[in-house]
Amino acid sequence: MKALVAVKRVIDYNVKVRVKSDNTDVDLANVKMALNPFCEIAVEEAVRLKEAGTVSEVVVVSIGPKACQEQIRTALALGADRGIQIETDEMPESLGVAKLLAKVVEEEKPELVILGKQSIDSDNNQTGQMLGALLDMPQGTFASEVKVEGDKVNVTREVDGGLQTVALNLPAIVTTDLRLNEPRYASLPNIMKAKKKPLDVKTPADLGVELKAHTRLLKVAPPAERQAGIRVSSVDELVDKLKNEAKVI
Amino acid sequence: MAILVIAEHDNSTLKGATLNAVTAASQVGGELHLLVAGEGCGAAAEAAAQVAGVSKVLVADNAAYAHQLAENLSKLVAELGKDYSHVIAPATTTGKNVMPRVAALLDVAQLSDITAVESDNTFQRPIYAGNAIATVESLDPIKVITVRGTAFDAAAETGGSASVEAVAAVHDAGISAFVGEEVAQSDRPELTSAKVVVSGGRGMGNGENFAILEKLADKLGAAVGASRAAVDAGFVPNDMQVGQTGKIVAPELYIAVGISGAIQHLAGMKDSKVIVAINKDEEAPIFQVADYSLVADLFEAVPELDAKL
């Protein structure tokens with residue numbers, strides 16, 4: 001079976017985000033970019049399914065300007081077989097992304113579509129679920145375990161208060177949570193090999209999708225800063241402060 | 001136009017997050033309807049009818065909705081949602097699972113995890129792990145929204161007298177099934193609704209050592225949380241994780257023990273009213289957000305704190 005993995009280029013996990021002084025957005029000029037961590041887990045899961053013999057081909061797709069080919073190459077170095085870039089300069093909203101991915105799914109016909117549960121920039125946690133609705137496919141979101149059994153996939157999900165397991169008819173959508181796996185590091189030979197793997201470029205127009213704005217970003221501001229308080233020198237002083245100053249116990 | 005709020009419940013009682021979502025909805029303004037979809041959920045529907053400010057409760061009681069499977073529930077909510085200006089749910093794992101499907105079925109955007117209501121079409125929400133706050137205007141006729149519970153007070157559980165109406169529509173997509181669940185059993189309060197939270201980090205050393213936090217938590221009537229480092233190290237399960245990738249909490253009192261204070265952890269707890277940090281590393285970033293900082297060996301300080309409370 002074929003697995004399709006959607007990946008996103010985002011600000012590197014370790015970079016401290018700064019808001020632009022005119023409050024129009026965050027400042028991404030000259031900032032290190034990387035593969036979204038949840039997407040990396042998605043790629044790893046697909047590659048492991050291929051290594052286990054369950055999946056025969058791993059196709060990775062990313063939407064964005066030419067620079068996102070870098071993240072597609074990263075995914076190829078981790079073990080994906082070929083890439084598709086959907087070229088757009090404007091970053092589409094989740095619904096637009098889902099509509100583009102839906103067209104790719106209709107063309108590629110994968111049995112499994114694996115995505116990160118959210119990207120660490122917009123923190124929306126929407127795309128996989130929207131894709132599921134558009135294609136009328138079942139979804140296993142926030143997955144911590146994925147087991148393909150016959151024509152079904154069992155997905156164990158991280159839910160409030162514990163774990164839930166659902167059985168989904170294939171083709172199905174999986175969105176990854178942190179504990180699903182620990183992604184490998186790409187080896188140098190694999191990074192070199194990745195440069196030669198096929199990478200197709202398409203446009204939204206090729207896919208027949210017209211992107212539309214459903215929201216308008218009015219302002220981006222830094223969060224309210226929290227001031228550091230005081231050092232207490234002993235547990236006695238701490239208990240006294242909590243009882244008599246903060247009055248929380 | 002009226003607002004539809006999707007109730008989070010376990011068929012017999014309403015979950016607290018529902019009440020925070022009701023408050024957010026009431027700030028938007030308009031008639032409030034609550035949807036209780038489940039199986040054998042009459043008791044939850046009765047509780048929903050008591051919630052202050054709710055004028056109507058819609059009850060969809062069918063096996064198809066027993067486990068809130070997104071494939072089934074999203075079709076019901078999208079069908080009902082066509083008659084509303086806003087469809088709002090708590091940003092719990094259930095809300096996050098179902099609502100984007102609802103939005104896509106209605107061909108509208110979803111606004112995730114809102115933390116403030118500016119008007120009926122403009123909302124604030126955290127982005128970049130809470131390192132920036134975006135103000136977003138919706139251009140859609142129906143606004144599909146999930147609400148961060150800690151940003152809104154809970155609506156009163158009683159005082160309302162809503163009418164209760166059964167919904168006959170049954171949507172069984174037949175493409176997914178519930179297999180089972182492992183729910184952590186605990187007498188302690190839930191992390192996201194607890195007034196006091198005691199959390200441990202990598203400094204705890206191992207899972208067994210969390211026993212000293214549990215003892216302290218029991219004395220304070222607190223929930224026990226953990227940092228991602230403690231979860232990644234295998235000390236405790238992921239459902240205890242407080243942080244951007246785990247649970248967002250904002251209790252009256254948050255006690256961080258052996259937690260260094262990575263950005264992603266701070267994103268999950270920095271809205272707590274009072275923060276106490278206990279760490280032996282005096283350079284730990286957690287001290288930059290703590291109201292009361294104690295530089296000490298946690299294995300001495302925590303039992304002493306426990307004894308002196």
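Two residues are in contact if their C-beta atoms, placed from the backbone, lie within 7 Å. Keep that rule in hand for this tour of a predicted model, where local features need pLDDT of at least 70, side-chain atom pairs count only at pLDDT 80 or more, and totals for chains, interfaces and linings use all residues. Residues are numbered from 1 along each chain as its sequence is written, with chains lettered from A and ligands numbered from 1 in the order in which they are written.

**Select chain A.** Its C-alpha trace spans about 65 × 45 × 40 Å along the principal axes. Among contacts in chain A with a separation of 6 or more, 68% join residues 24 or more positions apart. Look for 6 helices and 13 strands; helices (H or I, at least four residues) and strands (E, at least two) are DSSP runs, numbered from the N terminus.

**Now show both chains.** The contact takes 62 residues from chain A and 66 from chain B. On the chain B side, 35 are nonpolar, 17 polar and 14 charged. Here Ala, Val, Leu, Ile, Met, Phe, Trp, Tyr, Cys and Pro count as nonpolar, Asp, Glu, Lys and Arg as charged, and the others, Gly among them, as polar.

**Zoom to A:215-221 and B:132-138.** These are strand β12 of chain A and strand β8 of chain B, paired antiparallel over 6 bridges. Strands pair if DSSP finds at least two bridges between them. Pick A:Ala221; its bridge partner in β8(B) is B:Ile133.

**Finish on chain B.** Colour domain 1 (3-166) and domain 2 (196-308); the bounds come from an automatic or database domain assignment. Their C-alpha centres lie 31 Å apart. In contact are 4 residues of domain 1 and 8 residues of domain 2.
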